[in-house]
Each structure stands twice: as C-alpha cells, then as structure tokens.
Amino acid sequence: MTPDPARFLSDLHHLRSFGAAGHGVMRRAFSEPDVAAREWLVAQIEAIGLTAHVDPAGNVFGLAKGRSLLIGSHSDTQPEGGWLDGAYGVIAALEIARAAVEAGGPAISMVSFQDEEGRFGALTGSDLWAGRTTLAEADGFAATDGLTFGQARQGLAHLMQEDFVDPARFTGFLEMHIEQGPVLDQVGESVGVVTSIVGLRQIQVTVTGQQNHAGTTPMAMRQDAFQGAARIAGLLNERFANVVTPQTVWTIGHMQLHPNASSIVPGRAVFTIQWRDGDADRLDRMERVIDEVLTDVAAETGMQVEADRLRHDLTPVPMDEGMQAALRAAAEVHAPGRWRSMPSGALHDASNVSHLMPVGMLFVPSIGGISHDFAEDTGEADLVTGLKVLAAAADALAPR
C-alpha cells in the first residue's frame, strides 16, 4: 500500500478552495462552502470504490467492506480558519483508503466528522456518533447567530441517511492533525506521536450588577459588572499559581456586556471560563478554586455571580498503547531521529471516538505554532512525511 504524495497534495489544495479566504479558509459547519466540500468528498469516496454514508449529524464516512480500520478527522473550520486544521487528516485518510483499494487491501475506511470546531458545540458530530449526546438534544444547540443545529443540518438532507454507522464495524481509529502548537516546529522535528488528549471543562459566568449612568455615578457607589468580571480574572491568575503546571491552560475567551454602551455602567457581564489539563485531579482542584473565587467576588462586591456548566466535561484521554507502538515504529522508519512522543493540548474527535474503540493520533508541525488563524501553515515535506507515517501504521493495524 503506497499513497501518492502528489495526488494527496492536489486533493488537499482542492479542499482548500471551498471557502477560501486569502491564505486561509472560512468553512463553518453546514455553511454553503461546507456543504459543497462534503458533496465533493462523497464523490471522491464513491470514485475510489468505497461506500459513502452521510449520517444524520452530517458526518461523512467512506466505508470499506466488512471490518476495517477507520481513519479521519474533520473538514469544518473556525470562523477565520487555517487550511490544514482537520482538513489535513481527512485528505490523508482519503488518500490512504484509496491506496489500500488500489493495492487490494488492507481494509481501511475514512471519515470527516461534522462541527468539530464548535459552531454548535465542541466536537458535535463525533459526540453524536459516540452516543454521548442524542440527536434530539443536539438539534436544540444554537450558534451565536441563533441558527440551531436542527435547522442547519437540513442543508445536508439531500445526502443524509437516517441511520448512524455501527461503530462495531471498525477495529480502531487513527487521526492525523497539525500540532496547532509550537513544540515540533521549535525543535525541528517532523512527527509527534500523541500519548494523550487533555481534559476540558467550561462554564459560563454571569455577573449581575447595577446598570447606571457612566458620568454621574460615583465610583464608590457603582456595581459595575465588568469590574466584577475583571476581578474574577485577576484572582484566578493569582490563586491558580500553586495548583497548575506549565502545561495547564485556562481562558476567558468570550465576553458580552449589557447594554454594551460607552456611557453606561454595565449591569451584566456574561463570560466563559475554560480550563484544560491532562490530569483529572488537577481539573478538580482548579474547579474548586474557581468556585471559591466566584463566591468571594460576590461577597466582596455585593453583586450576584452565577455559573452554568456548558455541555458535558471532557476527561483526559490516553491513546491506545498498541496504536502508539505502530505509529512510533512507522515514525522511526520515515522520520528517524525526527519524531517524539507528546501530549495534545487541543481537543480532537479522537476524544469522543475513544469511548467506542482504540484510538491513536499523529501530529505534524505547525509553522510558528500558529493555528485557528489564516496564517496557519505546514511545510509540504512535513505534510508528506506525516502521510507516509500514518499509512505505514495503518498498514500494520488494519485487518486483511
């Protein structure tokens, strides 16, 4: 089984054309470019002799006959996304599945999961396929523009089938992805064999103060919701100091002020707090710190501070040792001395798929560590090296 690098790069650049925006891509889940890209992918799947199956969540599968190894990732993007995030793993899966068909085996299927990037909630397509959320629940998820998942998925109704693919037909799942971080690029290595995917928790905090006139309300009499939110952010940084490690991250990434006017003291601030780590106990300790900070700021300011959980928690996920071993062996052949084992600080569909079957992941470098940005890029030599490593591991793992 020998993948064709030129054909692979050609397909990868063609997928880039759906939603192209300068160097980057704008291909949000169920948008017009996303639907067009999935129509194109279905045509490619059928052309190489696999059976195309688009499930009710919008996940696109290319199915080999009988039991097979599943390879893939996602092809939707952030609002301003890079051209490789997810797409690289999907087109690598397409090329490896095609090479397997041409060689008369092994049995390899492919998938492009839907809404990994979270237009309607993180990892939505794989979440539904793994049975962690029901379709009825997901149909109520709303994007920031008010569009619901149930409404959006009607845009793929002409391709969708009524049933989900049975996970029992797959022996395992491999996902290849750009690192989306700086490690491989900084050390000059070509491949990362993923050992684990971090856990993630996220809450939405609402601080309710008193809306008032910005010119006439004395500072000492204000209940400024933004100042309450800023106080929470500052205390979190201070109190996490003795809890976290250099690999731990936390983010306040989305904030809304009401009424959001320059001459009004804001009466309400709504924002998210997200925290990630590979240790579930540390995630627990961080949550206790967050609870204490919210309670203390409410008492200190006299404002109401409430927190709501956003979706279910994602626990740290170790990669399957057998799949890691196959990836390490392949890396030593195709990138000798230029690979390492490493954790993933980003979430991936493999997190959800791990509840169904053994999973493994492979990284290639992100130039400058940049991702979720139009400037995202990876050198073609590294893209091809990753393809060769993944194909060799798949050849060793897939059933005959």
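H372 is partly exposed, with a relative accessible area of 41% (buried means under 20%, exposed over 50% and partly exposed in between, using a 1.4 Å probe and protein chains only). Its phi is positive, about 55°, although H372 is not a glycine. You'll find H372 in the loop between strand 18 (359-364) and helix 12 (380-397); helices (H or I, at least four residues) and strands (E, at least two) are DSSP runs, numbered from the N terminus.

A quick note before going on: this is a predicted model, where local features need pLDDT of at least 70, side-chain atom pairs count only at pLDDT 80 or more, and totals for chains, interfaces and linings use all residues. Residues are numbered from 1 along each chain as its sequence is written, and side-chain values use heavy atoms, leaving out hydrogens and water.

F30 also has a positive phi, near 70°, without being a glycine. F30 sits in the loop between strand 2 (24-25) and helix 2 (32-47), and at 8% relative accessibility it counts as buried. Most residues other than glycine have a negative phi, and most peptide bonds are trans.

| Cis bond | Omega | Loop holding the proline |
|---|---|---|
| G105 and P106 | about 5° | P106: between helix 3 (87-103) and strand 6 (108-113) |
| H258 and P259 | about 5° | P259: between strand 12 (255-258) and strand 13 (264-265) |

Zooming out, the chain has twelve helices and 18 strands. Buried residues make up 53% of its 400 residues. The C-alpha atoms fill a box of roughly 75 × 45 × 40 Å, taken along the principal axes.
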